[in-house]
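Okay, thanks for making it this morning.

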Amino acid sequence: MSQNNCKRFKTLAIHAGQPPDAAYGAVMTPIYQTSTFAFRSVGQPGPFDYSRSGNPTRKALETCLAALESGAFGFAFGTGMAAEATLATMFEPGDHMVVHNDLYGGTYRLLATLGERRVAVDYVDLRDLDAVRAALRPSTRALWIESPTNPCMNLVDLAAVAQLAREHGLLTICDNTFSSPYFQRPLELGVDIVVHSTTKYINGHSDVVGGAIVVRDAGLAERIGFLQNALGTCQAPFDCFLVMRGIKTLALRMEEHNRNALEIARWLERHPKISRVHHPGLPSHPQHALALRQMTGFGGTFSFRVRGGQEEAFRLLGNVKVFTLAESLGGVESLIEHPYTMTHVSVPPDIRESMGITPDLIRISVGIEDVADLIEDLESALAAV
Ligand SMILES: Cc1ncc(COP(=O)(O)O)c(C=O)c1O
């Protein structure tokens, strides 16, 4: 199927960048497990010469990622952090970045380290546009957004922040890991660069780590492509194949994650041992209206607070049987974790608490199992609380 014939998400997920293989007509893109490619003759390389610079399996995934995010250029990386580190390298010493003050702990660690050594970083609540304006300096180059945020599920108004950035000639970078392109497409709202941990929903089977960047602008694409090659942060062919296979069912999985998570969130909201549920699909979420405006669904990950603090939260974690106590999210299986001592432990305690990551907070990644089994599991674990 040619690119022109396929326009809608579910079709793109299966076909974009993946015509039958030219050599033997293989319907599934082959894994080109090779580090290097023969030249046609002296001075005449073929379309690929060395797998760090480019590989046909990776190219197929990158084309597909670009199509799903409504972008023009996609890049696949060895991890989400490799993608983020590549982006961070785009900035020059002395540059300044305004970063959302509520984001994944590893991103915080990367940018905090960078701030100390190279690029100045200010952490600001990007929900407050006046605070963003106040933080801008002549050396500001970019705004770094995560929406929804991990794990507190706060949203940033992507169109409004992108508009503000454009007025000041700044780049916007948005981590779209939690929604996946199925539920939110930041480039369509004016954001310049989308970054993903494909480890999560995009691959969806908890068997690969990977990352992605998608852009529309050819100049940005050239810089990112240069850095991906220069830093060697690209994804290996076999992992690209697995991510591509995962993408084929992204739409179906996201619908099911979304349905199950919303049902569990509504159930938890009524539970007497739960003091608060952070889920943008609930009318009780302070940015529910924004969620309905910029997302077409809410994904499968959200957080909630257990009455009684850490001791009671640990009792819940220790008594689940279908949910697995583990970091990460976005796989077909349900996971549960304690951000304060697990995913966000690399954030200094005072900042962690100011982000709302306190010992009573639990994050769940709701899988695509039968939702009745998931609710029964939480119900019996909460009975021990
Ligand atoms: C929102 C978000 N961005 C980036 C990352 C980093 O991705 P990776 O673990 O694939 O390096 C994660 C990992 O949990 C994440 O949750």
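**A walk around the model**

Let me begin with one serine: S328 is partly exposed, because 16 other C-beta atoms sit within 10 Å. The scale behind that: a residue is buried if 20 or more other C-beta atoms lie within 10 Å of its own, exposed if 12 or fewer, and partly exposed in between, with C-beta atoms placed from the backbone. S328 is in the loop between strand 10 (324–325) and strand 11 (335–337). Its phi is positive, near 80 degrees, in a residue other than glycine.

Quick housekeeping. This is a predicted model, so local features need pLDDT of at least 70 and side-chain atom pairs count only at pLDDT 80 or more, while totals for chains, interfaces and linings use all residues. Residues are numbered from 1 along each chain as its sequence is written.

Now the overall picture. The protein has 14 helices and twelve strands; these are DSSP runs numbered from the N terminus, helices being H or I with at least four residues and strands being E with at least two. What about the radius of gyration? For 385 residues a compact globule would come out near 21 Å, and the protein has 21 Å, so the two agree. That radius is taken over C-alpha atoms, and the globule rule is 2.2 Å times the number of residues to the power 0.38. The C-alpha box, along the principal axes, is roughly 75 × 50 × 35 Å. Buried residues make up 48% of the 385. Looking at contacts with a separation of 6 or more, 71% are between residues 24 or more positions apart; a contact here means C-beta atoms, placed from the backbone, within 7 Å.

Next, the domains. There are two of them, domain 1 (3–247) and domain 2 (251–383), with bounds that come from an automatic or database domain assignment. Their centres, taken over C-alpha atoms, are 26 Å apart. Domain 1 puts 31 residues into the contact and domain 2 puts in 35. Which elements give two or more residues to the domain 1 side? They are helix 1 (9–15), helix 4 (105–117), helix 6 (158–167) and helix 7 (180–183). Helix 4 provides the largest share of that side, four residues. By class, the domain 1 side has 15 nonpolar, eleven polar and five charged residues. For the classes, Ala, Val, Leu, Ile, Met, Phe, Trp, Tyr, Cys and Pro count as nonpolar, Asp, Glu, Lys and Arg as charged, and the others, Gly among them, as polar.

Helix 4 turns up again around the ligand. The ligand is surrounded by 14 residues, and the closest are T79, G80, M81, S197 and T199. To be in that shell, a residue needs its C-beta atom, placed from the backbone, within 6 Å of the molecule. Helix 3 (80–88) and helix 4 are the elements that give two or more residues to it. The shell has three nonpolar, nine polar and two charged residues.

Back to helix 6. Its buried residues are L158, V161, A162 and A165. Those residues lie on the same side of helix 6, because they cover an arc of only 100 degrees around the axis; the arc is that of the directions from the helix axis to the C-beta atoms. What covers them includes strand 4 (140–146), strand 5 (171–175) and helix 11 (288–294). After helix 6 comes G169, with a positive phi near 65 degrees.

Most residues other than glycine have a negative phi, and most peptide bonds are trans. S147 and P148 are joined by a cis peptide bond, with omega about -5 degrees. N150 and P151 are joined by a cis bond too, with omega about 10 degrees. P148 is in the loop between strand 4 and helix 6, and P151 is placed in the loop between strand 4 and helix 6. S180, in helix 7, has a positive phi near 65 degrees. Is S180 buried or exposed? It counts as buried, because it has 27 C-beta neighbours inside 10 Å.

Last stop, R216, in the loop between strand 7 (211–215) and helix 8 (218–231). R216 is partly exposed, with 18 other C-beta atoms within 10 Å. Leaving out residues up to four places away in sequence, R216 touches G71, A72 and L187.

Terms used. Two residues are in contact if their C-beta atoms, placed from the backbone, lie within 7 Å.
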